[in-house]
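Subject: The structure we talked about

Hi there,

Here is the structure I promised to hand over to you.

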Amino acid sequence: MDKDLELIESAKQARERASVPYSNFKVGAAVQTKSGKIFTGCNVESASYGLTVCAERVAIWKAVSEGETEFEQIAVVADTEELTPPCGACRQIIWEFCGDVPVTFANLKDKTETVQMKELLPRAFDTKFLK
Ligand code: THU
């Protein structure tokens with residue numbers, strides 16, 4: 001299967017596992033490492049709403065916690081007509097851990113769009129300012 005489609009398909013499958021009793025808004029994400037491995041995530045909500053974690057961050061934390069440091073691209077899937085992009089907090093984390101990667105948004109009707117991370121988060125704050 002084409003790598004982009006495989007990433008979207010992985011994000012779609014992860015979306016099915018979303019734990020969303022409060023919003024009922026399921027999101028799936030899949031991040032691909034430079035070595036070709038795919039790590040997936042879904043959003044997991046908390047009764048203390050602010051502790052909810054988005055799908056993108058779950059996928060990235062899973063990869064980082066398994067020792068991955070180099071990423072190629074990320075895909076985000078939600079069931080919306082207008083494609084759902086990553087929230088502001090996730091943009092920050094994608095930038096910090098994945099850099100200027102292509103970010104693919106997709107819905108369940110196979111509508112897709114790919115945008116570079118730099119376009120989603122111009123003039124990002126990151127570690128270089130802390131030196
Ligand atoms: N959500 C994500 O998982 N990713 C995003 O980029 C946007 C928002 C989740 C968080 C929450 O569980 C639900 O969508 C509604 O905001």
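Below is what I found in it, topic by topic.

First, some background: this is a predicted model, in which local features need pLDDT of at least 70 and side-chain atom pairs count only at pLDDT 80 or more, while totals for chains, interfaces and linings use all residues. Residues are numbered from 1 along each chain as its sequence is written, and side-chain values use heavy atoms, with hydrogens and water left out.

Let's begin with α1, which covers residues 3-15. Helices (H or I, at least four residues) and strands (E, at least two) are DSSP runs, numbered from the N terminus. The expected span of a helix is 1.5 Å times one less than its number of residues. For the 13 residues of α1 that gives 18 Å, and its end C-alpha atoms are 18 Å apart, which agrees.

Which residues of α1 are buried? They are L7, I8, S10, A11, K12, A14 and R15. Buried means under 20% relative accessible area, exposed means over 50%, and partly exposed is in between (1.4 Å probe, protein chains only). These buried residues pack against β1, β2, β3 (71-78), β4 (102-106) and β5 (112-116).

Next come the aromatic rings. The structure holds three aromatic pairs. Rings of Phe, Tyr and Trp (its six-membered ring) pair if their centres lie within 6.5 Å; planes under 30 degrees apart count as stacked, over 60 as edge-to-face and the rest as tilted. One of the pairs is Y22 with Y49, which is tilted, at 5.4 Å centre to centre and 45° between the planes. Y22 lies in the loop between α1 and β1 (27-33), and Y49 in the loop between β2 (38-42) and α2 (55-65), so the pair ties together parts that are 27 residues apart in sequence. Y22 is partly exposed at 43% relative accessibility, whereas Y49 is exposed at 60%. Another pair, F125 and F129, is stacked because the ring centres are 5.7 Å apart and the planes are at 15°.

What about the cysteines? A disulfide is a pair of cysteine sulfur atoms within 2.5 Å, and the count comes to zero disulfides. For C42, the nearest cysteine sulfur is that of C54, 11 Å away; C42 is buried, at 11%. For C87, the nearest is that of C90, 3.8 Å away, and C87 is partly exposed at 31% relative accessibility.

Enjoy exploring!

Terms used
Contact = heavy atoms within 4.5 Å.
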